[in-house]
There are 2 protein chains.
Amino acid sequence: MSPAPDVLNQTARIVLAMVAEGHTTGYAIKAEIERSTRLFWGASVGGIYPELRRLVAAGLVAVRDDPRGQTRRHCYSITDEGRAALHAWLTDGSEPLFEMRNEALLRLRFAAVLGPEDRVTLVRRLRALHDERCRLLEERLDEGAFDDVYDRMTAEYALGLNRWAAGWAAAAEARVARE
Amino acid sequence: MSPAPDVLNQTARIVLAMVAEGHTTGYAIKAEIERSTRLFWGASVGGIYPELRRLVAAGLVAVRDDPRGQTRRHCYSITDEGRAALHAWLTDGSEPLFEMRNEALLRLRFAAVLGPEDRVTLVRRLRALHDERCRLLEERLDEGAFDDVYDRMTAEYALGLNRWAAGWAAAAEARVARE
DNA sequence: GTTGCCATGTAAATGGTTACATGATTGG
DNA sequence: CCAATCATGTAACCATTTACATGGCAAC
């Protein structure tokens, strides 16, 4: 009997799914996260490599040495057990994690201690931030950087959310200025 | 010369601001965070009490013993230095932190490995989550739980964001079902 | 008298990021 | 030959959450 793979931690979830999708090296997984999910789910190298080894130890992923010339390289692939764990995670009924750390909004929450100009500056910067994110996402969507259906769908979510936030900030700017 | 108070860490930012706003005990600060900011900026007891002591050590906050009967109690208040640090944070030009961990969206990103029914379930749950959050926020807004201008403004941001996300999920549900 | 709230705190575990360190390969 | 990219890894650090531990006070 395999050692009950506990529940997958945050890094394990995305790493396992990325391996399942065919990203075979730690490096490739990191790159794909940056390209595709970093706006709503990040992970850093320092977590990815150890996690891959843990997943191998748990039997959810298999490794094969696959050097390129003199460069060592590991080729990871998902196992049947890994596929089962991935499916279990994707379909499990527990409330999905949804967390935000929004510093601009926290600042606005305490805007009362500022003078009128500083308040407006605060909201204006919030708006600029979302505008810039929209611009970058639109550019990449136009370039066709998101080819897969679900990859594009989640990118469009990120774009829509930033558009909404930019619009909210524009309205808030007017409200704050009108004092 | 006071030991350059470095930059405020995440917990320090909200704790200092809460003290400035007149929440005088660790307990009260925790309660206020739960009531007002937890949807976009959280903090837990285990961080708040030590942080209050660090802020006192840095001279940004002052303590006074203020027992209630036999119960020890600390009454925290902001110092001039603390006010300056708070103002510096609120007006500083660096890019504000904006992070999200959205598990439902991450699952959708990998929906390709699921069958049609499981995919629809995924999006339906995403929608249900945001609907529920909207319901709770609307209820509290109706009750007048957010009296202060900026407190209400940030609560309305949270409501608006969840409404947008619920709407997006509803549209996505239709798209995913139509396959 | 007992439940729930006010109030403070610590310890251990968890989780994650940053920076550092290394070195081969590819393309210009 | 130089720069960029591919590729792997570790160690130190930072921050935060959870669980535990304690005890008075207020209200029913």
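The element that gives the most to the surface near DNA strand D is H3(A), with 3 residues, where near means having a heavy atom within 4 Å of the strand, and where helices are DSSP runs (H or I, at least four residues) and strands likewise (E, at least two), numbered from the N terminus. This is a predicted model, in which local features need pLDDT of at least 70 and side-chain atom pairs count only at pLDDT 80 or more, while totals for chains, interfaces and linings use all residues. Side-chain values use heavy atoms, with hydrogens and water left out, residues are numbered from 1 along each chain as its sequence is written, and chains are lettered from A and ligands numbered from 1 in the order in which they are written.

Around DNA strand D there are 20 residues, the closest being A:Arg53, A:Arg73, B:Thr11, B:Ser44 and B:Gln70. From B:Gln70 it is a polar backbone atom that lies 2.6 Å from a phosphate oxygen of DNA strand D.

Turning to chain B, helix H6 (residues 116-142) has 27 residues and reaches 39 Å from its first C-alpha to its last. Its buried residues (under 20% relative accessible area, 1.4 Å probe, protein chains only) include B:Val120, B:Leu126 and B:Cys134. After H6(B) comes B:Gly144, with a positive phi near 75°.

How values were computed:
Polar contact = N/O pair within 3.5 Å; in protein donor to acceptor, adjacent residues only side chain to side chain. Expected span 1.5 Å × (residues − 1). Buried < 20%, exposed > 50% of the residue type's maximum accessible area, 1.4 Å probe, protein only.
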